[in-house]
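Okay, thanks for having me, everyone. Let me put something up on the screen, and then I'll walk you through it.

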Amino acid sequence: MSRFSPYFGEFGGTFVPEILVPALDQLTQAFEDAIEDPAFQAELGKLLKHFAGRPTPLYEATHLSPNPKVRIFLKREDLLHGGAHKTNQVLAQGLLTQRMGKTEIIAETGAGQHGVATAMVAAMLGLKARIYMGAKDCERQQPNVYRMKLMGAEVIPVHAGSGTLKDAVNEALRDWAANYDKAHYLLGTAAGPHPFPHLVREFQRIIGKEAKAQMIEAIGRLPDAAIACVGGGSNAIGLFADFIEEEGVELVGVEPGGEGLDTGKHGAPIHLGRTGILHGMKSYLMQDDEGQVQESHSISAGLDYPAVGPQHAFLAQTGRAQYVAVTDDEAIAAFKTLCRSEGIIPAIESSHALAYALKRAAAATEEEVLLVNLSGRGDKDLNTIMQLEAGQ
Ligand SMILES: Cc1ncc(COP(=O)(O)O)c(C=O)c1O
């Protein structure tokens with residue numbers, strides 16, 4: 001009997017071609033065995049500490065908070081090896097690849113952070129990696145394309161569709177269907193068919209687990225709200241997982257509002273999507289009147305995805321978590337504020353979570369403690385910022 005149900009309420013499931021069912025069954029078995037296996041946990045723990053640099057710090061951003069009544073704490077996933085939270089679960093899936101006796105990794109990437117983490121871990125574990133990336137994202141994230149190649153990965157630009165993450169996922173799934181006997185599909189977020197949403201959550205849970213202990217050490221209690229940006233949803237579910245049972249902690253996911261929710265140019269499927277099926281799962285999807293998947297838009301490549309992981313759809317539907325949207329402009333303003341106030345250059349993805357925290361703090365009349373997941377660092381985004389400034 002499987003430990004995890006494929007569904008979160010009506011969301012989730014395994015909507016894949018028949019040919020992939022054995023590969024997903026094999027993965028479910030390997031994942032469930034591994035998390036019960038002390039030897040696997042010890043090996044992963046060792047790599048998380050000595051290769052990736054965990055635990056990451058919790059930092060109180062005293063200069064950032066616009067309101068003395070509001071304390072803002074940052075969980076510094078930007079300091080993880082690779083520059084983002086992605087490394088956590090890639091290490092775990094790399095070990096699972098070896099455990100299943102496979103030698104190759106297929107991955108997709110949006111911002112390139114997942115691709116970089118995959119290339120890094122594949123090099124370290126001696127696995128061959130090929131990484132699908134939308135042609136538009138290759139353009140937006142050139143330094144990451146170069147990093148992946150330096151570490152020996154093959155980067156395959158995808159020109160189909162909008163040339164972004166959704167198209168890269170389609171290509172990666174096609175490759176997996178043809179090669180699953182020797183290749184593992186190392187999915188990059190808490191989305192896709194079962195067991196990926198559970199698997200990615202369990203291996204990202206460490207973010208919230210550490211943050212919880214660190215908050216208690218810092219202030220003797222849990223925060224009032226835990227806040228994270230939501231692309232597919234892995235850094236957010238990693239932060240939320242250990243707080244879901246803590247009813248006093250508000251969970252806030254921040255979707256990319258792009259140019260504005262009323263412009264059609266956004267990436268906010270929880271706000272404006274409908275239930276549908278994409279990439280093997282049932283979840284909220286941005287769709288047109290005919291049910292075709294709509295193109296998403298965000299200034300941040302890592303948030304530019306028209307769907308969301310099924311557990312977020314469930315948390316939104318049940319009201320346990322609330323989801324807000326932040327525009328490109330608000331995220332860029334928050335990016336600049338953190339650079340100047342604390343000497344930390346955040347990823348534009350993470351700047352969405354910061355922007356919400358700043359707005360909330362500015363409006364607060366009571367004392368409050370906010371925990372923000374700083375999911376990654378902004379080095380990869382400098383081109384985007386420089387181009388924006390040049391155009392102004
Ligand atoms: C720094 C950073 N944060 C957040 C995300 C969004 O992904 P997820 O919602 O899976 O955390 C990405 C994706 O590339 C990223 O690079």
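I'll start with the ligand and then move on to some details of the chain.

Quick housekeeping: this is a predicted model, where local features need pLDDT of at least 70, side-chain atom pairs count only at pLDDT 80 or more, and totals for chains, interfaces and linings use all residues. Residues are numbered from 1 along each chain as its sequence is written, and side-chain values use heavy atoms, with hydrogens and water left out.

So, where does the ligand sit? It's in the largest cavity. A cavity here is a set of points, on a 1 Å grid over the protein atoms alone, where a 1.4 Å probe fits but cannot get out, and sitting in one means more than half of the molecule's atoms lie within 2 Å of its grid points.

Around the ligand there are 19 residues, and the ones that come nearest are Thr189, Gly233, Ser234, Asn235 and Ser375. Being around it means having a heavy atom within 4 Å. By class, that shell has 6 nonpolar, 11 polar and 2 charged residues; Asp, Glu, Lys and Arg are the charged ones, Ala, Val, Leu, Ile, Met, Phe, Trp, Tyr, Cys and Pro are nonpolar, and the others, Gly among them, are polar.

Now the contacts. The side chain of Ser375 has an N or O atom 2.7 Å from a ligand nitrogen. For Asn235, a side-chain N or O is 2.8 Å from a ligand oxygen, and for Lys86 the distance to a ligand oxygen is 3.3 Å. The ligand has 390 Å² of accessible area on its own, and the protein covers 97% of that (Shrake-Rupley method, 1.4 Å probe).

Next, Asp242, in the loop between helix 10 (234–240) and strand 10 (250–258). Helices (H or I, at least four residues) and strands (E, at least two) are DSSP runs, numbered from the N terminus. Asp242 counts as buried because its relative accessibility is 15%, and buried means under 20%. Its side chain makes a 2.6 Å polar contact with that of Arg205, meaning N or O atoms within 3.5 Å, one able to donate a hydrogen and the other to accept it.

Most residues other than glycine have a negative phi, and most peptide bonds are trans. But Arg54 and Pro55 are joined by a cis bond, omega about 0 degrees, and His194 to Pro195 is cis too, with omega near 15 degrees. Then there's His279, not a glycine, with a positive phi of about 50 degrees.

Conventions
On a 1 Å grid over the protein atoms alone, a cavity is a set of points where a 1.4 Å probe fits but cannot get out, and a pocket is an open set with protein on both sides within 12 Å along at least five of seven lines; lining residues have an atom within 4 Å of a point. Buried means under 20% relative accessible area, exposed over 50%, partly exposed in between (1.4 Å probe, protein chains only).
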